[in-house]
Amino acid sequence: MEPNLATSIGPIQLDRPVMLASGILGISLDVFSRLYRSGAGAVVTKSLSTEPWEGYPNPTIFSVKGGGWINAVGLSNPGAENFAKMIEPNQDVPIIVSLVGSIPEDFEKMIKQFENCKVTAYELNLSCPHVAKVGLEVGDDPELVKKIVTTVKNSTNVPVIAKVGLGTTHYLNTVGTAIESGIDAITAINTVRSMAIDVETQRPILSNKFGGLSGTPIKPIALRCVYEISSKYDIPIIGCGGISTWEDAVEFFLAGASSVQLGSAIGDNWIDVFNEINTGILQYMEKKNYSKIEEMIGLAKKS
Amino acid sequence: MEPNLATSIGPIQLDRPVMLASGILGISLDVFSRLYRSGAGAVVTKSLSTEPWEGYPNPTIFSVKGGGWINAVGLSNPGAENFAKMIEPNQDVPIIVSLVGSIPEDFEKMIKQFENCKVTAYELNLSCPHVAKVGLEVGDDPELVKKIVTTVKNSTNVPVIAKVGLGTTHYLNTVGTAIESGIDAITAINTVRSMAIDVETQRPILSNKFGGLSGTPIKPIALRCVYEISSKYDIPIIGCGGISTWEDAVEFFLAGASSVQLGSAIGDNWIDVFNEINTGILQYMEKKNYSKIEEMIGLAKKS
Amino acid sequence: MQRNHNHTTIVTVEKVIDETPTVRTLVFSDEVMSNVLPGQFAMVWIPGINELPMSVMISDESGKAAFTVRKHGAASTGLFNVKVGEQIGIRGPYGNSFDLKEGKLLLVGGGTGLVPMMRLLTHVKPTDDITVLIGAKSKDEVFFEDLANRLLENNPHKVIVSTDDGSYGEKGFVTDLVEKHVDQIKFDGVYVCGPEIMMYKTVQSAHSRGIFVQASLERMMKCGVGICGSCCVGEDLVCKDGTVFDGQHLSQNKEFGKFHRNKAGILENY
Amino acid sequence: MQRNHNHTTIVTVEKVIDETPTVRTLVFSDEVMSNVLPGQFAMVWIPGINELPMSVMISDESGKAAFTVRKHGAASTGLFNVKVGEQIGIRGPYGNSFDLKEGKLLLVGGGTGLVPMMRLLTHVKPTDDITVLIGAKSKDEVFFEDLANRLLENNPHKVIVSTDDGSYGEKGFVTDLVEKHVDQIKFDGVYVCGPEIMMYKTVQSAHSRGIFVQASLERMMKCGVGICGSCCVGEDLVCKDGTVFDGQHLSQNKEFGKFHRNKAGILENY
Ligand SMILES: Cc1cc2nc3c(=O)[nH]c(=O)nc-3n(C[C@H](O)[C@H](O)[C@H](O)COP(=O)(O)OP(=O)(O)OC[C@H]3O[C@@H](n4cnc5c(N)ncnc54)[C@H](O)[C@@H]3O)c2cc1C
Ligand SMILES: Cc1cc2nc3c(=O)[nH]c(=O)nc-3n(C[C@H](O)[C@H](O)[C@H](O)COP(=O)(O)OP(=O)(O)OC[C@H]3O[C@@H](n4cnc5c(N)ncnc54)[C@H](O)[C@@H]3O)c2cc1C
Ligand SMILES: Cc1cc2nc3c(=O)[nH]c(=O)nc-3n(C[C@H](O)[C@H](O)[C@H](O)COP(=O)(O)O)c2cc1C
Ligand SMILES: Cc1cc2nc3c(=O)[nH]c(=O)nc-3n(C[C@H](O)[C@H](O)[C@H](O)COP(=O)(O)O)c2cc1C
Ligand code: FES
Ligand code: FES
């Protein structure tokens, strides 16, 4: 049988396993279509809030000498309502809507605003490391995670994903809480809180001082998180963090992810990266005689 | 005034601010002398335990495609007693003895074994991410940290440093506990728990599966930790993680570290790296008109 | 080690030239920036203030480059106020560049949109016949007229200024001048940079007559490297696919000339 | 992209040659490893079992290389048991290499210590006069004698085997043969690899007579890249400063020939 790139993440079915991660080129439907045509299996929107946010002043992104990026765009976004209007015409592109908020009602409200949109899934951003009162500050509070996930699951029949990261509470506990509260899948991981200082001017470079590290430097960390989650829990996982080659994607599948997301690789290799990875995965599947992605998920745990 | 590389980390005085990090080339007095002659301001020993440990089988170290290393040597070490005998003849080299253990008595016992040695400081490894019952498993338990630090401080007049890292408990809490218990300085950070999988053979590469990520990938994370510690607490800090150039070292000084340690850079640039960094720091000091390292410590917090 | 264009390099401002009461040119030494292609830009960090995309201005001294900035909001005013001896950070160059034709060329620029045009002039062949149209609101705001004439010394050329209020040069919008010129002359290439409406009309005038035309677009930019998405215009990312686009391509873009996105990413009308 | 020698490459074993009941040569294709210098080694991963330092053996086919392994503990037995078609991981080459003199050369090898010697033989000049001494415990354990003769076909040469029990070749320790040879001939270079005591005595014999001598040392290796410290001998790191050291340098090393470190890093006597 010819290998096939389709994969399912619990209730979510995708034709191709590599998605665009949240926050990357993620504010325009036209760009989403282009990325989908370029090989992305789905696109995750910029994390949306109930109100439009301007985000932090520039510099908001910094290229690290040793590879990767540190960003603190500060979750700038047009707000869920504007965004929902923009994507309403969409029929073809699998869009996963990422949401941030501080209280369950924020999420409930935003999900209502997407009622007329074709949404493949919601991704709850419980892990942005550089904005106060949302993201990690929510993910680090197990009680709040429970309330938010429960509320969201009661507000919609669309599958719901929780995106976790390295915070002050152990992410495995956050994952556990989300699962108990009915989450359908987990995305791991978000960026890792970091910083860069300019030695000439002797000041932090990002306007927010702290930002999140993404790209190749965090791949080994993300991979271990996926392996740990899949070893401890029975939940579909989307691997994210530093993926830029087909080998990276396959490592995540072998660790237990049923699909992956990427962002930073686009900054290095532009959007051709999706098809390059798809092609590499297909060749690997042919060599290993797999017909489905599913056959390789979690294999590294057997050894 | 000519710039001078001397620095003090609380009660610890060093002629030069860049030390060898624990676990790197750290098992032989002859090698220590060589590193000291090569420009290291001090050497930290491999973390020593009450009994000799063989560590994990190979592979114990893995070179990451995106830079850096993942290691799980498993704290192999000859044991504190053997080690103390070996360094007894030492007079010239500033040696910081790194210790691991599970209970306060382990540390007490080992410190006794070093009674006849010239020890510049003890560094308590509360942060190794890949060995059970010691390292992070200790650092993640605030009660235990308190007991260990208190016991150690009561056992010796030699300065005591706590080395922290990213674990399941927030490292800032561990730092707080160590300070309350009388610690003299903090080293931040240790390696970050990570993993690598081989796609051909479909198994984790390290024999221990998980290991610690070091080198350039963790620099932005380590720098942020130093900045966070120095912003929250008034304690001397030794920065560690991914330092390989003089700019890296200066970034850590600006973030609040009064000295730095390095390890992985030796694997990339060999031991000339100490003098290269020393020279770079001196040139920077000349340009900025500093006579002492102290003048630049924490400057990035002012902006 | 070769410089990675994404890593910020710190340079010192060596000279500040007042072009108009609100426009200044800041000169600095940097080999890489001195050699960028016309149309390319840099991300410019004003420490403690902001980081902005800026076209890279030429300098008459070799090994040097410049930014010509109009003071507007906090960020550009921050750059405008940088003094000689102060440091700024630069990364880049980013973006593609103009595709320079030979023969009869029309260059249209407004305000700081003249910056890439000046660099384009340093790349023309001595045989090219060049017309430069400079648009400004009023006399006060005219700059680079002399520079353009100087750069074109050895070419058959015309430099024509128009001001909206007629206080200098011809009276009226520069786009009316464009319309007049493309009606009369079959240009081999038209190049425009300036306010979007100026670019939109110029592209329409030229493209509708089958004349090759390129515009260098401006959009909100955060990353400059194709990650953040803030610079999108239709399905194009200005920082990565542009900043220079052909008339052919632009005539199919739904947003060009009509909408741009603000800092939150909300579409706003021009 | 050029291969980074620290990244593990997976290769498939294509041929297994039994050299003795306890020694096997595993052949695989790898351009980089086929061209390593004599004395260089690889870190060899036997998936699920261990990773070991191994000298890189030559192969008669171009583009191929091999490992010649003696089964000993769990790790080397794991490698010994790898079958044709199975995969192993390799990284390297690591370490320096022999400094090959011209003229009269003496090569001394014991057991798998012959591996770098065989590669050294592929680098000699046709005019060099070569003596190879092979030491083994008994007849069963002799290998590479024919190979050495074959590689030296076009050279003036002698290949002499000694066995401890006299069951083949000359009877006695190979180091006694060394002593005899350096007494009689003023060699231009002596090269040795094998058990430490063999290397120690050979170095002493040659160095004390002012003859240039080099030995390729073995120590416990974990990283192979100068990070872990497990391979230290005195102040030298075998993986990084060696594996090849001059007699001059070794005669000043306090640990060479006397101590090595075990897996915990404890000094043990030889
Ligand atoms: C490729 C490119 C090249 C440019 N070259 C020049 C130049 O050579 N000289 C010059 O004076 N200006 C140039 N600009 C415009 C400049 O980057 C600023 O947009 C302008 O200076 C106003 O910024 P402000 O923040 O001070 O104004 P504000 O009052 O804060 O903002 C006014 C408007 O400017 C735009 N803007 C603000 N920040 C940015 C940003 N980071 N990226 C893009 N647009 C922004 C937005 O439309 C905003 O609504 C260029 C822009 C781009 C995209
Ligand atoms: C540079 C170098 C090149 C080598 N080349 C060859 C070769 O071509 N063929 C060959 O058969 N052997 C070679 N060896 C030796 C080989 O690496 C092993 O030491 C040997 O195979 C025994 O390993 P074991 O783990 O099976 O034995 P064990 O019984 O586990 O160990 C026996 C002893 O072997 C040594 N040893 C074990 N593991 C290692 C290790 N990771 N690194 C170094 N020494 C170790 C120790 O002294 C140990 O006490 C080489 C060693 C080095 C350092
Ligand atoms: C510029 C930028 C903006 C981001 N914005 C978001 C966001 O809004 N919501 C979110 O969940 N993650 C956001 N992320 C994190 C990414 O989705 C992703 O988790 C992270 O970058 C790691 O993947 P990568 O290494 O492939 O980039 C952002 C990352 C970057 C670089
Ligand atoms: C091979 C290896 C062994 C290590 N062993 C120890 C150890 O025994 N004790 C310890 O506290 N840290 C140990 N570390 C961590 C280092 O001391 C250091 O914290 C870390 O490598 C980050 O610094 P670097 O990026 O400069 O290597 C080890 C690191 C490596 C790479
Ligand atoms: S400025 Fe970020 S994508 Fe163009
Ligand atoms: S084997 Fe690790 S330092 Fe040599």
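Of the three pairs of chains in contact, which share the most contacts? The answer is chains A and B. The model is predicted.

**Chain pairs**
- Three pairs of chains are in contact, and the pair with the most contacts is A and B.
- Chains A and D do not touch, and 8 Å separates their nearest C-alpha atoms.
- Chains C and D have no contact either, with their closest C-alpha atoms 17 Å apart.

**Helix α3 of chain B**
- Helix α3 spans residues 104-113 of chain B, and its buried residues are B:P104, B:D106, B:F107, B:M110 and B:I111.
- These buried residues line one face of the helix, because they fall within an arc of 160° when α3(B) is seen down its axis.
- Residues three or four places apart in an α-helix point the same way, because there are 3.6 residues a turn.

**Residue B:G41**
- B:G41 sits in the loop of chain B that runs between α1 (29-37) and β4 (43-44).
- The relative accessible area of B:G41 is 2%, so this residue counts as buried, the cut-off being under 20%.
- Leaving aside residues up to four places away in sequence, B:G41 touches B:L14, B:R16, B:V18, B:M19, B:Y36 and B:P94.
- B:L5 lies 36 residues from B:G41 along the chain, and the C-alpha atoms of the two are 9.2 Å apart.

Technical notes: Residues numbered from 1 in each chain as written. Chains lettered and ligands numbered in written order. Predicted model: local features only at pLDDT ≥ 70, side-chain atom pairs only at ≥ 80, totals over all residues. Heavy atoms only, no water. Buried < 20%, exposed > 50% of the residue type's maximum accessible area, 1.4 Å probe, protein only. Helix = DSSP H or I, 4+ residues; strand = E, 2+ residues; numbered from the N terminus. Arc of directions from axis to C-beta. Contact = heavy atoms within 4.5 Å.
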